[in-house]
Amino acid sequence: MTPLERIIRTEIAETGPMPLERYMALCLGHPTYGYYMARPAIGAQGDFTTAPEISQMFGEIVGAVLAHAWQTMGSPRPVRLVELGPGRATLMLDMLRTFRALPDLRAAVDIHLVETSPRLRAAQAYRLTGSGIQASWHDSLDTVPDGPVLLAANEFFDALPIRQRILRDGSWRQRMVGIDAAGRLAVLDIGPEDGAGFPPHLLEAADGTVIEDCPAARAIAGAIGARLARHPGLALIIDYGYRGPAPGDSLQALRGRRPADPLEAPGEADLTAHVDFAAIAAAAVASGARAWGPVSQGSFLTALGIGLRAERLRASGASAIDLAIAVERLTGVGAMGDLFKVLALASPGLPAPPPFEAS
Ligand SMILES: C[S@@+](CC[C@H](N)C(=O)[O-])C[C@H]1O[C@@H](n2cnc3c(N)ncnc32)[C@H](O)[C@@H]1O
């Protein structure tokens, strides 16, 4: 039994089954034993790999879209360059390399990283300061200074804790984590009745239907939207998920690159859930931003020239096979290309960024 499982069992013994949302928050963010606090393992040797870790082309293209937005904003100085959940800072380093082509932009950016993991903060600081880059760290977006903003968040929203509700005998109940008859941690459909705020088409759903909701994602999207309503800016949100309300249990665990049971070994596996892009867009729009997309990651990267970029890298000596594999992983259907999506949020006065003009 992991140390965190002991803590969770004690809390259940004292106060009863806990909402799944709290279980996920503890597994990822417990100050000592949460996955991101104790053992975040991102990259080729880790529990999971993300798009920036697959190829520099991903971050360069995201950076190019943000750079273009800065120009349409009238090239404000300073501009806050904000990343939510920067992992190993690979995306940030790749974006900044792209910005070097625009020295005025590189001079204007004031870098802010929103990161709760002390270990990842240390890794980010090591890599950024090693490249002579200064940055500030924040626990949440709230403390990032106001002003024009360029924001990126890759695989950040999927790490926020979700609520699940299940339809049982005509009523929706919150799903809880408790102890089953065999003494194991289990998801129990015994939470309080909670049928508020459902999309109407789900009111007629079949018994056993699960729907998910991520209050933290809606709150952060609302804060991004409010910021974009006050100051010019663009936010690109990239993650895996669905376009609208989609029933189903999407909670999953990865441990040592393999799917695992989310209830097994709490704190030792990365837990994620599909992102509801429609809910994020709606929260940002309700706060005053405009939203475009989501479009698939494959169509985003292809429309913005990943093929051409790969060709240039090959001409400068990179391995053609490695580049082809990276392009396929990032854009291929059945790889990351269709499951992952890109949502753009922008200030009301700004035009749609490429490649969203067409959508
Ligand atoms: C799946 S990793 C993605 C890392 C990086 N964006 C990448 O693409 O490689 C999730 C990141 O979000 C951070 N994170 C998770 N929950 C967070 C929270 N509530 N607030 C701030 N950062 C958080 C993690 O520590 C980690 O840096």
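Reply: This is a predicted model, in which local features need pLDDT of at least 70, side-chain atom pairs count only at pLDDT 80 or more, and totals for chains, interfaces and linings use all residues. Residues are numbered from 1 along each chain as its sequence is written, and side-chain values use heavy atoms, with hydrogens and water left out.

Me: Which strands stand at the edges of the open sheet of three strands?

Reply: The order in this open sheet is S1-S8-S9, with antiparallel pairing; strands are DSSP runs (E, at least two residues) numbered from the N terminus, and two of them pair if DSSP finds at least two bridges between them. Each edge strand has a single partner strand, so one side of each is left without a neighbour in the sheet. The edge strands are S1 (18-19) and S9 (185-188).

Me: Which residue in S8 does Met 18 stand opposite?

Reply: S1 and strand S8 (residues 176-179) run antiparallel and are joined by two bridges. Within S8, the residue opposite Met 18 is Val 177.

Me: Is strand S5 largely enclosed or left open, and why?

Reply: In a regular strand the side chains alternate between the two faces of the sheet. On one side of S5, Val 149, Leu 151 and Ala 153 are buried, and on the other Leu 150, Ala 152 and Asn 154 are buried too; buried means under 20% relative accessible area, with a 1.4 Å probe and protein chains only. Because six of the six residues of S5 (residues 149-154) are buried, the strand is largely enclosed by the rest of the structure.

Me: At what angle do helices H9 and H10 pack?

Reply: Angles run from 0 to 180 degrees between N-to-C directions, and axes are lines fitted to C-alpha atoms, for helices over the stretch in contact. Helix H9 (residues 215-230) and helix H10 (residues 277-286) have axes 7 Å apart. They pack at about 40°.

Me: Which residues in H12 does H5 meet?

Reply: The axes of helix H5 (residues 56-72) and helix H12 (residues 306-315) come within 11 Å and cross at roughly 125°. From H5, the residues in contact (heavy atoms within 4.5 Å) are Gln 56, Met 57, Glu 60 and Ile 61. In H12 they meet Ile 306, Arg 309, Ala 310 and Leu 313.

Key: Helices (H or I, at least four residues) and strands (E, at least two) are DSSP runs, numbered from the N terminus. Buried means under 20% relative accessible area, exposed over 50%, partly exposed in between (1.4 Å probe, protein chains only).
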